Amino acid sequence: MYPPSRKDFVSLTLSDPHSHTYNNGKHRRQSCWRKWKQLSRLQRSLILFLLALLLIFGLLSYPSITEQWRGLSDREDWLELNDREVKTILPDVKSVLGQAADKAPAPVAGPHVEPALGPALRPDVGPDVVPDSVVEPREPNIPILAKPPTKKKTFPNKRGPPSLQKDGNISDTVGGEKQEQDVVQDGEGEEEDKEKKIVSWRGAMIEADQATEPPPSADEKEAAVPRVPANPANTVPLEVSTGTTVDRLEAVRDAFRHAWKGYKDYAWGHDELKPISKSFGEWFGLGLTLIDSLDTMWIMGLKEEFAEAKNWVEKELSFNKNVDVNLFETTIRVLGGLLSTFHLTGDQLFLDKAKDLGSKLMPAFKTPSKIPFSDVNIGKGTAHPPRWTSDSTLAEVTSIQLEFRELSRLTQDPQYQEVANEVMRLVHKLPGKHDGLVPMFINTNSGQFTHKGVFTLGARADSYYEYLLKQWIQGGKAEDDLLEDYLQAVEGVKKHLVRQTGASRLTFVGELSHNRFNPKMDHLVCFLPGTLALGAHNGLPGDHMDLAVELTETCHQMYKQMETGLSPEIVHFSLQASDGRDVVVKPADRHNLLRPETVESLFYMYRFTKETKYRDWGWDILQSFNNYTKVSDGGYTSINNVRDPVNPGPRDKMESFFLGETLKYMYLLFSDDMELLSLDKYIFNTEAHPLPIWPSPPK
C-alpha cells in the first residue's frame, strides 16, 4: 500500500482597512488533525494521559478554589451594606451616646451573638446574663454593627464516602480550627433549640450540640447517674487550655450514646456495627458489642440503655450454637464482660451466663500438652487449632487466666483455675526465652515455643506480659513465679527493646528478630506505660515509673504528630538525628481502629500522678475521634488514613472494644472520683473489664 498523497496548504491572512481579519482556519484545523493522525499510537496515548492527569489535578484543587470564592463572597456581601441601612442604625447609636452622660444604659435588645463554644463552656451563664463575678465598670453601651446575613455561594461538597456526604451546613476545618457556617433564622416564635447536625468535609460528622448546647444541670446529672459502685458524676467541670470549662464526662457519655444509637438501630444483637452501610458484621454471633458494653453503661449511669441490653442477655443470649469461637477473644470480651457486670450489679443472671459459657470453653484445654487450642465449637463441644497450623499464639493462651481464675472463685469449681494456672506453670519452665522475653507462638502438641528468635511486645505477645503482673496482683501478691517472670521480662525489655529517636529523643519499644533490632512499634504496645505504672504503684522498682512516663509521652506523640490527631496502627521510629523527624508511617500502617491502649495508659498515669496533662491529652484524642470517625446516623468508624484529614477513608467498622474499652477508660480518666473502680480494689482484664482483687492469703 502506498501512503496517501500529501497535500500542502498555505495559510494566508488578509486585512481590510477596518482591521477585520480573515484566514484559512478551516484548512489549518484539517492540517492539525492530519498531524495528530500521523503521530504513533504511543505518542498519542502519552499526550492523552498527560491531559487526563491535568484534569484530575484540576478536579482535586476545585474544593480549595471554592473555599476562596466562598470567603470572597463573604467580604463582598459585607461591603454591600448600603448607606440607607447604616443610617437607620445611627439614631439608636446617638440616643445611646446621649444616655451615657447620665447613667449606664440597660442592655440593648437585639440579636444575641455567642462565640462558637460559649453556651457549652459556661453552663451557669444564660444567653443574655452576665455573671456577677465578671462584672466590670460599665462604659457607654454602643452597639456594634453585626455582620448582616450573607448570601453565600454554595457549592456541593462531595468529599468523603457517599454515605457521609450531606448537603446543607458544612463544617470546614483549616489548621485544626472548625469554621462553621452561621445560620440566621428570622421571625418571632421560631425554635432555636432545633437540633443541628454538621457534616465535616473530611468524611465524618460533628454534632453541633456537642459544642454549643449547655450540658444538663447538676440536678439532672445527679438524677441520671446511680451511685453504684460509686457516684461517677461526682466531679467538677475541668479546665480547658482556653481557660473555659466544659463537662468532659458528659462529652464521653454523649459519645457513647451516639455509638450505642448506631448499634441499636442497625446491629442490635449482632457482634459489630458497620456504621457507613448501616448494617452489621458477625464474628461469633454472641452479641460482642452489647456484652462488651454492659459494664461501661453501668459505670456511666446509662440506666435505660443498660436495661435494654440486660433484657437481650436474659432472653436472647445463648451459647448452644454450632459455631466456632476464638478462646481468647470470647474469654476476654464475653466471659470477662459477664463477670464484671455481675460484680458491679450483683445480678445472678450474669454469673449464670458466665458459668454456662465457661463450661463450653473447657474443651479447648483437651490437648496433649495442656496448651489450649485457639478455637472451640461451643455447640458441639469440640476444639481445634487454626486450619493452617497447630500453633497457638502466646498472648492467647496466657491471657485468659484472670477470667478463669475468677470464675472458679465465684462458682467454687476449681477446674477453671486449674487449667489456666497449668498453662502459666508450663510457660514459666519453658526454654527459649531471651532475658524474660518470650517468642510469639507455642505448639499445642509439643508444648514448646516455635518461631524462636522473634521478640515483640506487640501483637501475639503483648498481653502475656500484662497478665503476669495482673495475676500477681489479683491473687494477693502471693504467686512468686508470676512476679519473677514479670520483673525479668521488664529487664529484658529495657535491655533489648528500648531505644530513643534521634531527633527528639523519644523513648520507644521496638522489636528484635534474630538479634537484629527493628524500630517498629505497634499501637498495642501503648498498654505498657499503664502496666509499668500499675506495677510501681504496687511496690515494684521506681524506674518502672520513669520508663512509663517516657513511653506515655511517645504514645501521645503518635497521635499529636498525625494530621488527624489519631495514631496509626503501627509506626516506625527514626534513630538518626539527621532525618529531622521521629515518626515514620508506612502507607499500609496508616489505619486507626479506635484502639484503647493509649487512653488506658493515660488513665493509669493520671490516677497515680494527678498530672492534668494526661487528661488534656485524652481530651484531644476524644475530639479527634469526634472530628474524623463519627458517623452522622450513629456510631463511629475505623479509618484508613490518619495522615489525610480531608479524606481519612472510613473502613465501615466499629470494633466492640471502642465501647468496652476506649470510652470506658476515657470516662474514668475524666472522673474525679478516685474510688470509682479503685485500682487498689479492682484489676482490669485486657478488655477493660474490672474484676476484684482477692484478699491477701494468710502468711
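## The sheet E22-E23-E24

In this predicted model, three strands form an open sheet in the order E22-E23-E24, and their pairing is antiparallel. Strands, of at least two residues (E), and helices, of at least four (H or I), are DSSP runs numbered from the N terminus, and two strands pair if DSSP finds at least two bridges between them. E22 and strand E24 (583-584) stand at the edges with a single partner strand each, so one side of each is left without a neighbour in the sheet.

Strand E23 (residues 570-573) pairs with E24 in the antiparallel sense over two bridges, and within this pairing Phe-573 stands opposite Val-583 of E24.

## The sheet E17-E20-E21

Another open sheet of three strands, also with antiparallel pairing, has the order E17-E20-E21. Here strand E17 (454-455) and strand E21 (516-518) are the edge strands, and each has a single partner strand, so one side of each is left without a neighbour in the sheet.

Strand E20 (residues 511-513) is joined to E21 over three bridges in the antiparallel sense, and the bridge partner of Glu-511 in E21 is Asn-518.

## The disulfide

A disulfide is a covalent bond between the sulfur atoms of two cysteines, and the search counts a pair of cysteine sulfur atoms within 2.5 Å. Across the whole structure one disulfide is found; Cys-526 and Cys-555 form it, with their sulfur atoms 2.1 Å apart.

Cys-526 lies in the loop between strand E22 (520-522) and helix H17 (528-537), whereas Cys-555 lies in helix H18 (residues 542-560), so the pair ties together parts that are 29 residues apart in sequence. The link of Cys-526 and Cys-555 is left-handed, with -105° about the S-S bond.

Two packed helices are described by the angle between their axes and the distance between the axes. The axes are lines fitted to C-alpha atoms, for helices over the stretch in contact, and the angles run from 0 to 180 degrees between N-to-C directions. Helix H10 (residues 327-345) packs against H13 at an angle of about 40°, with the axes 9 Å apart, and H10 and H13 are therefore oblique to each other (angles under 35 degrees count as roughly parallel, over 145 as roughly antiparallel, 65 to 115 as roughly perpendicular and the rest as oblique). In the contact (heavy atoms within 4.5 Å), residues of H10 including Leu-335 and Phe-342 meet residues of H13, among them Phe-404 and Leu-407. By class, the contact of H10 with H13 holds eight nonpolar, three polar and three charged residues, where Ala, Val, Leu, Ile, Met, Phe, Trp, Tyr, Cys and Pro count as nonpolar, Asp, Glu, Lys and Arg as charged, and the others, Gly among them, as polar.

The axes of helix H11 (residues 348-361) and helix H13 (residues 401-411) come within 11 Å and cross at roughly 125°, and H11 and H13 are therefore oblique to each other. On the H11 side, Leu-351, Ala-354, Lys-355, Gly-358 and Leu-361 meet Phe-404, Leu-407, Leu-410 and Thr-411 of H13, a contact of six nonpolar, two polar and one charged residues.

## Helices H8 and H9

Helix H8 (residues 288-300) and helix H9 (residues 303-315) pack at about 145°, and their axes are 9 Å apart. From H8, Leu-290, Leu-294, Met-297 and Trp-298 meet residues of H9 that include Phe-306, Ala-309 and Trp-312. The contact of H8 with H9 divides into eight nonpolar, no polar and two charged residues.

## How to read the values

Residues are numbered from 1 along each chain as its sequence is written, and side-chain values use heavy atoms, with hydrogens and water left out. As this is a predicted model, local features need pLDDT of at least 70 and side-chain atom pairs count only at pLDDT 80 or more, while totals for chains, interfaces and linings use all residues.
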